[in-house]
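Trainee: I would like to learn how to read a structure like this one. Where do we start?

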Amino acid sequence: MTADASRGAEAPPELIQLLTPEGERVEHPDYDIDLTPEEIRGLYRDLVMVRRVDLEAVALQRQGELGLWASLLGQEAAQIGSGRALTEADMAFPTYREHGVAWCRGVDPVNLLGLFRGVNHGGWDPAEHNFHLYTIVIGSQTLHAVGYAMGIQRDGAEAASIVYFGDGATSQGDVNESFIWASVFNAPVVFFCQNNQWAISEPLEKQSRIPLYRRASGFGFPGVRVDGNDVFACLAVTRKALADARSGQGPMLIEAFTYRMGAHTTSDDPTRYRVAAELEAWKLKDPIERVRAYMFKNQIADQEFFDAVDAEADELGRDVRKRCLELPDPEPLAIFDNVYAERHSLIDAERAEFATYLEGFEA
Ligand SMILES: Cc1ncc(C[n+]2csc(CCOP(=O)(O)OP(=O)(O)O)c2C)c(N)n1
Ligand SMILES: [Mg+2]
């Protein structure tokens with residue numbers, strides 16, 4: 001028996017959008033935003049810079065300089081919009097693809113590259129940037145973010161946490177458990193799901209029969225779908241969700257509807273499981289092009305500005321590449337250093353065993 005595809009379906013999902021793919025500004029009754037020309041130029045610069053770093057990282061991996069890279073191509077607006085909505089006191093919990101959010105939190109891109117080069121064991125101090133370490137275990141950071149938010153609540157602090165995860169992650173137990181905890185404790189946390197339509201080779205249809213943002217209502221908190229390729233809308237929606245969380249109104253789920261333009265990681269070949277037409281359709285919704293078109297049309301920037309941003313991005317690419325290649329190899333035993341806060345006999349034994357193994361090479 002085949003399932004009735006319409007079962008469980010409701011009205012078509014509403015997409016919050018403030019800037020169309022053609023670069024036309026549109027109004028929204030609940031989520032408007034008033035940005036100065038300077039702020040818009042800043043957002044555009046962010047988008048271009050993170051795309052350039054990403055491109056350089058893919059090239060470095062292809063040249064054997066990184067073990068792996070997870071590209072953010074296509075997801076720049078979702079990450080810059082939400083990342084720029086954060087205040088300094090807010091805490092962000094990323095997956096492994098949040099290079100744009102890392103940029104907004106002031107993490108040096110070279111530290112990201114070091115992680116994927118295997119020469120650092122994290123790359124930055126989460127407390128210094130209020131940006132947690134990258135998390136590869138799908139969905140587990142949602143629990144960390146809710147725990148952190150409950151801490152904020154108990155401290156009475158003026159802050160919120162935000163957690164990034166993918167469409168595939170919504171099928172994980174951890175994510176569903178974190179929804180329950182956030183809901184019943186009214187925790188100041190924003191769940192920011194980048195629905196990039198794919199979880200490696202698994203399409204969205206394998207994760208949910210309903211739009212992902214509607215999951216929230218079953219847990220007892222609001223959910224919205226925003227155009228994830230619209231940096232204005234992502235900024236407006238995330239800003240509101242964070243403000244609500246900070247003022248005691250509890251969690252919110254934001255589904256940023258976007259597309260993973262590249263491979264899952266550099267180890268993946270998407271031509272094996274998706275058609276080229278899909279990619280072509282999403283290219284027309286490019287997150288950078290629409291801002292550029294809007295700026296041109298409204299004389300927010302001239303050719304000189306765009307050329308200067310491109311030149312700055314190229315310089316950043318060169319600088320990141322140079323400093324990546326200069327990163328020192330780590331001391332091999334350093335991997336045992338921060339497993340626990342205090343010394344542990346098992347770790348000591350493993351360290352000693354590995355040291356003996358390494359000595360074998362010097363003979
Ligand atoms: C608990 C767990 N299961 C499986 C994996 C392997 N894995 C790595 S990425 C990934 C897909 C995640 O897809 P999604 O949540 O949509 O995020 P995206 O990569 O698209 O950003 C899987 C299954 C993992 N890292 N952790
Ligand atoms: Mg995905």
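Mentor: Start with neighbourhood. A residue is near a molecule or strand if one of its heavy atoms lies within 4 Å of it. This is a predicted model: local features need pLDDT of at least 70, side-chain atom pairs count only at pLDDT 80 or more, and totals for chains, interfaces and linings use all residues. Residues are numbered from 1 along each chain as its sequence is written, chains are lettered from A and ligands numbered from 1 in the order in which they are written, and side-chain values use heavy atoms, with hydrogens and water left out.

Trainee: Which residues come nearest to ligand 1?

Mentor: There are 15 residues around ligand 1, and Tyr-96, Arg-97, Gly-168, Asn-196 and Trp-198 come nearest.

Trainee: How do I read the polar contacts of ligand 1?

Mentor: A polar contact is a pair of N or O atoms within 3.5 Å; within protein, one must be able to donate a hydrogen and the other to accept it, and residues adjacent in sequence count only if both atoms are side-chain atoms. Here, a side-chain N or O atom of Tyr-96 sits 2.6 Å from an oxygen atom of ligand 1. His-264 places a polar side-chain atom 3.3 Å from an oxygen atom of the ligand. Ile-138 uses a backbone N or O atom, 3.1 Å from a nitrogen atom of ligand 1. On its own, ligand 1 has 580 Å² of accessible area, and the protein covers 71% of that. Accessible areas come from the Shrake-Rupley method with a 1.4 Å probe; for residues, only the protein chains shown count as cover.

Trainee: Which protein donors does the magnesium ion (ligand 2) have?

Mentor: Donors are N, O and S atoms within 2.8 Å of the metal (3.2 Å for Na, K and Ca); water is not among the atoms, so sites may look incomplete. For the magnesium ion, the protein donors are Asp-167 (OD), Asn-196 (OD1) and Trp-198 (O), lying 2.1 to 2.2 Å from it. Along the chain, the donors follow the spacing D-x28-N-x1-W.

Trainee: Is Asn-196 buried or exposed?

Mentor: Cut-offs come before labels. Buried means under 20% relative accessible area, exposed over 50%, partly exposed in between (1.4 Å probe, protein chains only). Asn-196 is buried because its relative accessibility is 4%. Trp-198 is buried too, at 10%.

Trainee: What about salt bridges? How many does a search of the whole structure find?

Mentor: A salt bridge is a side-chain nitrogen of Lys or Arg within 4 Å of a carboxyl oxygen of Asp or Glu. The search finds 22. One of them pairs Arg-51 with Asp-286, at 2.9 Å from N to O. Arg-51 lies in helix α1 (residues 37-62) and Asp-286 in the loop between α10 (276-283) and α11 (287-297), so the pair ties together parts that are 235 residues apart in sequence. Helices (H or I, at least four residues) and strands (E, at least two) are DSSP runs, numbered from the N terminus. Arg-51 is partly exposed at 23% relative accessibility, whereas Asp-286 is buried at 10%.

Trainee: How far apart along helix α12 are Glu-315 and Arg-318?

Mentor: They are three residues apart, which means a separation of about one helical turn. Their side chains form a salt bridge, 3.1 Å from N to O. Glu-315 is partly exposed at 44% relative accessibility; Arg-318 is exposed at 52%. Salt bridges with shared partners also join Arg-52, Glu-56, Asp-314 and Arg-321 into one network.

Trainee: Which residues form the nonpolar patch on the surface?

Mentor: Patches are made of residues with over 30% relative accessible area and no salt bridge: like charges are joined within 9 Å, nonpolar side chains (Val, Leu, Ile, Met, Phe, Trp, Tyr) within 5 Å. Here, Ile-180, Trp-181, Val-184 and Phe-185 form the patch, with about 400 Å² of accessible area together. Trp-181 belongs to helix α7 (residues 173-184). Trp-181 is partly exposed, at 45% relative accessible area.

Trainee: And backbone angles? What is phi of Asn-130?

Mentor: Phi of Asn-130 is near 50°, a positive value in a residue other than glycine. Asn-130 lies in the loop between α5 (126-129) and α6 (140-155) and is buried at 14% relative accessibility. Gln-299 also has phi near 50°. Gln-299 lies in the loop between α11 and α12 and is exposed, at 71%.
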